[in-house]
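Q: Could you walk me through this structure? I am new to it.

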Amino acid sequence: MTIDELKAMLDDPDLVVLDVRRGKDWKSSEFKIQGAAYAKPEAYEQWADTYSKSKTIVLYCA
Amino acid sequence: MTVQYLIALAWMTGLLISPEALLVQGNLSGLCGLGFIPLLAAAIILHWTNVTATRHAGVTDPAALVEIKLLTGALGPLSASVLLLMARPALAVCLATALLVTAGFVFNEVFLYWFPNFGFAALLLTIILVLNLAGPRAAAAGQLLFTAAAIAGLAGLAVVGLFNGDRTTPETATALSMTAGARGAGLAAIGFVGYDLLRYNNHRFYPAQLAMVIKTGLVMGGLLLVLWNTAVLFHIAPSRLADTSIPHILAAKAIAGSTGRIIIGIVAIAGACAAVNYLFQTVARMLATMARSHLLPTVFGHSTHRPTRALFTLAVIVGLLMATGFAGTDWLDISIRASLVLWLVFYAVILFAGGRKASQERNPGPALPSSRVTIRPFSIALAMTVIAGMLITTDDDPTALFQAITAILALAVVFAGAGLFLARGIGTKTNTGSPHIRKEKNHDENPTTSDCLPVGSGLNTGRSGCIPGRQRSADDHRRT
């Protein structure tokens with residue numbers, strides 16, 4: 001998915017954006033994508049089932 | 001000489017004002033509130049005493065060789081090499097990677113959003129490598145610029161934060177728990193680690209002068225951090241500071257809004273450059289000095305004044321760590337913490353070796369050492385070891401930290417063993433005493449390693465050190 005495609009979808013209620021950055025990528029950054037929720041990649045099994053499969057789930061890691 | 005002092009101070013404060021150091025300070029303030037002040041003061045006293053004790057033990061000598069000679073003589077070449085490799089080069093590559101990546105993010109998010117953070121990090125790495133390859137003068141000029149920018153920005157923000165803006169009364173950490181206190185003491189102590197590398201790039205000082213430069217840097221750096229941390233506590237709640245990974249950015253925004261964000265952006269980038277420049281300059285020289293002492297392959301030891309091969313090696317490793325995404329793993333931060341713990345252990349070991357040497361020289365025979373000079377190194381060594389232990393036990397993930405320490409130690413053993421093997425070869429009788437440096441034909445320009453003669457007969461004459469200028473080349477005198 002490109003940046004523009006994601007931008008166009010940001011107001012979509014069926015969109016879930018997950019920030020799965022790790023290490024310095026996460027810790028050094030001041031920002032995240034609008035409406036994104038942080039999800040620890042190591043804890044994938046804990047949060048994977050909490051999101052409906054009918055929604056569009058976008059993960060970004062950098 | 002004033003310029004030399006300024007340059008030396010600029011080198012030394014490079015590590016104190018890096019974004020990683022500001023992160024440690026922010027977390028310390030968050031953990032202890034205004035209780036950070038006595039902890040920082042205690043840390044300064046500890047390191048001050050460390051400098052005094054190591055000087056009396058003949059270790060803090062402008063002749064960097066003395067340190068290597070002392071360790072080699074006391075522990076043998078393999079152990080000495082492991083100790084020298086386990087903390088400093090490990091921290092140099094891990095911290096440099098972290099700082100450059102952080103600078104990349106700051107540039108991307110504060111200044112130019114379209115400029116790739118990785119590209120900026122690589123650009124900074126190249127600039128610092130070129131500065132170092134251009135020679136000590138270029139590197140020193142860069143260091144003055146980086147440090148001045150970072151200190152000016154941080155001090156300016158601290159003053160504004162203390163006297164202007166929407167201040168709140170800083171919260172005092174009520175009933176600081178034992179764990180928080182121990183953690184705070186550890187964080188305060190590691191905030192100053194790294195000054196001992198200064199001896200590798202300041203060869204024009206007598207031992208007392210070098211010790212004074214370090215002590216001045218500790219006090220001035222400590223005062224700046226007290227000002228900054230207090231200003232931060234005026235604007236951000238401790239609970240938030242303790243958890244965040246960008247306390248300095250949050251504080252700068254709270255103090256001076258978007259202007260503060262730009263200033264702290266400059267501070268972060270300049271501070272990162274200053275710290276990486278310092279680590280590259282000094283650690284490369286240390287590796288070259290080790291090679292000249294036959295602890296590493298001679299390929300690194302062609303020059304301690306301009307150690308291009310060691311510099312390239314460090315830069316390539318950092319570049320590889322960045323390119324392979326190591327910065328995107330939690331292991332980078334854990335490795336930095338592990339290297340800092342190992343550095344405290346290194347302080348303890350070198351004090352122990354120096355103290356032992358001192359006791360042997362002052363109290364020949366079986367008599368127990370009782371003088372102040374011999375007791376002090378052991379006491380500080382014990383304090384350093386206790387703090388290292390506290391840092392491990394109070395860490396967020398002690399198991400991972402322990403694993404990282406083990407991995408770094410294992411790597412150091414492998415590199416030290418391979419280095420000795422390549423430097424001396426199988427079956428060659430190892431020289432555990434003095435290296436053959438002064439007899440080498442290829443006299444280096446830097447008297448740090450090749451042209452200094454220790455004053456007195458031993459390491460512990462109370463005024464041991466080198467006589468700058470003695471046996472120097474004519475070229476050196478011209479440069480002086």
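**Chain B and its helix H5**

A: Of the 480 residues of chain B, 57% count as buried, a residue being buried if 20 or more other C-beta atoms, placed from the backbone, lie within 10 Å of its own, exposed if 12 or fewer, and partly exposed in between. This is a predicted model, in which local features need pLDDT of at least 70 and side-chain atom pairs count only at pLDDT 80 or more, while totals for chains, interfaces and linings use all residues. Residues are numbered from 1 along each chain as its sequence is written, and chains are lettered from A and ligands numbered from 1 in the order in which they are written.

Q: How many helices and strands are there in chain B?
A: Chain B has 17 helices and 0 strands. Helices (H or I, at least four residues) and strands (E, at least two) are DSSP runs, numbered from the N terminus.

Q: Why is helix H5 of chain B described as largely enclosed?
A: Helix H5 (residues 77–86) of chain B has 8 of its 10 residues buried, so the rest of the structure largely encloses it. Among the buried residues of H5(B) are B:Pro77, B:Ala80, B:Leu84 and B:Met86.

Q: How do H5(B) and H16(B) cross?
A: The axes of H5(B) and helix H16 (residues 398–424) of chain B cross at roughly 130° and come within 8 Å. Therefore H5(B) is oblique to H16(B). Axes are lines fitted to C-alpha atoms, for helices over the stretch in contact, and angles run from 0 to 180 degrees between N-to-C directions. Angles under 35 degrees count as roughly parallel, over 145 as roughly antiparallel, 65 to 115 as roughly perpendicular and the rest as oblique.

Q: Which residues meet there?
A: Residues of H5(B) including B:Ser81, B:Val82 and B:Leu85 meet residues of H16(B) including B:Ala412, B:Phe415 and B:Gly419. The residues of this contact of H5(B) with H16(B) divide into 12 nonpolar, 3 polar and no charged.

Q: Changing topic, how many residues of each chain take part in the contact of chain A with chain B?
A: Chain A gives 9 residues and chain B gives 14 residues. Two residues are in contact if their C-beta atoms, placed from the backbone, lie within 7 Å.

Q: What are the ipTM and pTM scores?
A: The model scores ipTM 0.74 and pTM 0.84. For chain B, the mean pLDDT (the predictor's confidence in each residue, from 0 to 100) is 83, and 81% of its residues reach 70 or more.

Q: Where does pLDDT stay under 50 in chain B?
A: One of the stretches is residues 427–480 of chain B, for which the model has 100 contacts beyond four places in sequence.

Definitions and conventions:
Nonpolar A, V, L, I, M, F, W, Y, C, P; charged D, E, K, R; others polar.
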